[in-house]
Amino acid sequence: PFGRTQSPVHVAVGNFDEDAAQEIVATRGGKEGTNLVRIFDANGQYIREFLPQGHEAGIDVAVMRAKGSPMDQILLSSDTGSAPWISVYSGMGVQLYSALAYHERFIGGVQIVSGDIDQNGTAEIYTVPKKAGGPHVRLFNGQTEPIGSFFPFESKNRFGLSIAIWNP
């Protein structure tokens with residue numbers, strides 16, 4: 001999706017328009033080039049791109065379905081090397097919400113996922129530090145407002161985490 005690159009490419013799948021077909025959203029991690037978000041159809045044909053605000057050194061991507069919405073939203077988080085911003089964007093590239101996931105001086109990168117773990121009908125946003133951070137899982141509502149956090153391992157662990165949520 002970005003031509004020849006040595007930076008990691010992050011992808012997610014969601015429905016960002018009014019048809020029933022899923023689209024592919026791709027971002028580039030690391031410090032190479034600009035932080036474009038590109039959207040492709042299911043066959044890999046380019047649809048559109050946008051340049052998100054507030055992410056300086058690469059971005060990670062996930063998808064979230066807001067309650068009652070027929071379309072998915074794009075979740076972005078800062079990769080290593082910049083402040084730990086998380087953002088929610090529409091499929092058209094309009095920023096809806098944004099917040100710091102951790103202290104502004106943390107630059108270890110943030111992984112972002114979404115799911116309705118408590119099965120209340122509303123998806124929550126979950127973040128973890130990618131590296132050089134403690135095992136701190138933070139929870140946000142769909143408007144990036146903090147709603148909880150926990151440490152699944154000893155807080156002195158500074159190796160970062162990885163997170164995944166299965167949405168049946």
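**View 1. Four strands form an open sheet in the order β5-β6-β7-β8, with antiparallel pairing.** The edges belong to β5 (59-65) and β8 (95-100), each with a single partner strand, so one side of each is left without a neighbour in the sheet. On average, neighbouring strands here are turned by 20 degrees against each other, direction ignored. Such angles run from 0 to 180 degrees between N-to-C directions, using axes that are lines fitted to C-alpha atoms. Strands, like helices, are DSSP runs numbered from the N terminus (E, at least two residues, for strands; H or I, at least four, for helices), and two strands pair if DSSP finds at least two bridges between them. This is a predicted model, in which local features need pLDDT of at least 70 and side-chain atom pairs count only at pLDDT 80 or more, while totals for chains, interfaces and linings use all residues. Residues are numbered from 1 along each chain as its sequence is written, and side-chain values use heavy atoms, with hydrogens and water left out.

**View 2. Strand β7 (residues 85-89) meets β8 through five bridges.** The two run antiparallel. Look for S87, which stands opposite S98 in β8. As background, strands of a sheet pair through backbone hydrogen bonds.

**View 3. Strand β2 (residues 23-28) has a partner in β1 and another in β3.** With strand β1 (residues 9-14), β2 pairs in the antiparallel sense over six bridges, and G14 stands opposite E23. With strand β3 (residues 37-40), β2 pairs over three bridges, again in the antiparallel sense, and here A26 stands opposite R38. Five of the six residues of β2 are buried, so the strand is largely enclosed by the rest of the structure. Buried means under 20% relative accessible area, exposed means over 50%, and partly exposed lies in between (1.4 Å probe, protein chains only).

**View 4. F40 and Y46 make an edge-to-face aromatic pair.** A search of the whole structure finds three aromatic pairs. In this one, the ring centres are 6.2 Å apart and the planes stand at 75 degrees. Rings of Phe, Tyr and Trp (its six-membered ring) pair if their centres lie within 6.5 Å; planes under 30 degrees apart count as stacked, over 60 as edge-to-face and the rest as tilted. F40 is buried at 10% relative accessible area, whereas Y46 is partly exposed at 47%.

**View 5. K130 and D79 are joined by a salt bridge.** Their closest N and O atoms are 3.1 Å apart. K130 lies in the loop between β10 and β11, and D79 in the loop between β6 (72-78) and β7, so the pair ties together parts that are 51 residues apart in sequence. K130 is partly exposed, at 21% relative accessible area, while D79 is buried, at 5%. A salt bridge is a side-chain nitrogen of Lys or Arg within 4 Å of a carboxyl oxygen of Asp or Glu, and the whole structure has five.

View 6. Most residues other than glycine have a negative phi.
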